Each structure stands twice: as C-alpha cells, then as structure tokens.
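Please read this note beside the model.

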Amino acid sequence: MLTLPNLKERIFEKISNLRELQEKLLFIKRNAILKAPTGYGKTEAALLWSYTNLDSVRKRYPNRVFYILPYKVSINAMYERLKSYLPEEGMVALLHSSSQYYLYVSGYEYRRLTNLYRKIYSPMKVLTPFQIMKAFFGVGFYEMELSELAKSLLIFDEIHVYEPNIIGIILGMLDILVNGYKAKALIMSATLPTF
C-alpha cells in the first residue's frame, strides 16, 4: 500500500506563485466548497487542500484521496494531469466503466493496472461518483470500498453537471461519509447549481 508524498512540495516544483484562492485552501482543515472560474487553478487548490487535510490524519494511517469527476473524458485527462504531479507507478488510479480500454489504447499495462487499481493500493483515485455509489448499494466488494472511504478526502469537481437526483444521492453519501466515516469533502465548480 502506497502513501502520498508531500503534495505541497510537488506543486511548488511546478508553480512558483499561488493564487489567493489556492493559498486560502492550503490552510483549510475542514470541508469546503470552492467556486472559481475555469482555468483558475482549482486542481492545484484541491491538491493543496488535500495536503493540509492529509497531514492531520497521517499519524494514524495513510488515508486516500478520491478525485471525483462526472465524465470519462475528464477523468482520463485528470488521471494524466495528476500523474504529472505523482509519476510514481500506482500512485494515481483510474476507475470508470471503460478505464481498462483507456489504459489499453494509451499503451499502459492495462491488465495489471486495472487489477491493481481496483484494490486498496493507490492513495489517489480518479473516478466517477457512481464508483463510490456502488459501495452504498452493496455492489461488488462494497466492504472493501467502504473501508477505503473511511477518513478519506473526497474532491467533487464539476458538481454542477449532475442531475438533481444524482446530487441528492451524492449529498446522502457525503452525510454518511463525513458524519459516520470521518471523511472530508471539497466540492468544486465554476458554477454551483441553484438547487
């Protein structure tokens, strides 16, 4: 089982000056909602938030970061982007319904990586909310997934895209994960839904 390196150092290797919003998130040790325009650096802000919140629980055991996006295309792109910060093998996992195909056409060792990414191994996973929902509906190895979600950090990006019924399920999951499983959540979007 891998643990994350110092995310703050990794970000400062690529970025010399933080934007005000990124700096603020670096010091937030709780759940947060971030509304910022596209191209403002929300991904780096989320990684800095993760760094701060990982620090507070690192002494107990290594927790996990789940970067949650609505579309496979954006998940694939975020997987590659996060790998630029965390290039060590297995550090970032990709999970969605056709992730094996994406790994195959991208020239990765798709069989080995797909098997590895489904286990409790990678400290950061990029996935759809439906991958997490499966655990709440008792699908597959849901006990393993729920144990991995305990004290995890959940980053919901592009939250505005989901339909109201999916948002309702996400909010229900967050209530259980934050209050019962001691997870923390960062919800990000360029525009937040009015409902």
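**Notes on the model**

1. Glu 158 is found in the loop between S5 and helix H9 (164–179); helices (H or I, at least four residues) and strands (E, at least two) are DSSP runs, numbered from the N terminus. Its phi is near 55°, a positive value in a residue other than glycine. At 24% relative accessibility, Glu 158 is partly exposed, a class that lies between buried (under 20% relative accessible area) and exposed (over 50%), with a 1.4 Å probe and protein chains only.

2. On the basis of the note: this is a predicted model, in which local features need pLDDT of at least 70, side-chain atom pairs count only at pLDDT 80 or more, and totals for chains, interfaces and linings use all residues. Residues are numbered from 1 along each chain as its sequence is written, and side-chain values use heavy atoms, with hydrogens and water left out.

3. Lys 151 also has a phi near 55°, positive in a residue other than glycine. Lys 151 sits in the loop between helix H8 (142–149) and strand S5 (153–156), and is partly exposed, with a relative accessible area of 24%. Most residues other than glycine have a negative phi.

4. The protein chain has 9 helices and 6 strands. Its radius of gyration, taken over C-alpha atoms, is 16 Å, close to the 16 Å that the globule rule gives for 195 residues, so the chain is as compact as a globular protein of that length; the rule is 2.2 Å times the number of residues to the power 0.38. Of the 195 residues, 49% count as buried.

5. How many aromatic pairs does a search of the whole structure find? The search finds 1, where a pair means rings of Phe, Tyr and Trp (its six-membered ring) with centres within 6.5 Å; planes under 30 degrees apart count as stacked, over 60 as edge-to-face and the rest as tilted. The ring centres of Tyr 79 and Tyr 108 are 6.0 Å apart and their planes stand at 75°, so this pair is edge-to-face. Tyr 79 belongs to helix H4 (residues 72–85) and Tyr 108 to the loop between helix H5 (99–105) and helix H6 (110–117), 29 residues apart. Tyr 79 is buried, at 0% relative accessible area, whereas Tyr 108 is partly exposed, at 22%.

6. Glu 44 lies in helix H3 (residues 42–55) and is buried, with a relative accessible area of 6%. Not counting residues up to four places away in sequence, Glu 44 touches Ile 11, Ile 15, Gln 22, Arg 81 and Tyr 85, contact meaning heavy atoms within 4.5 Å.
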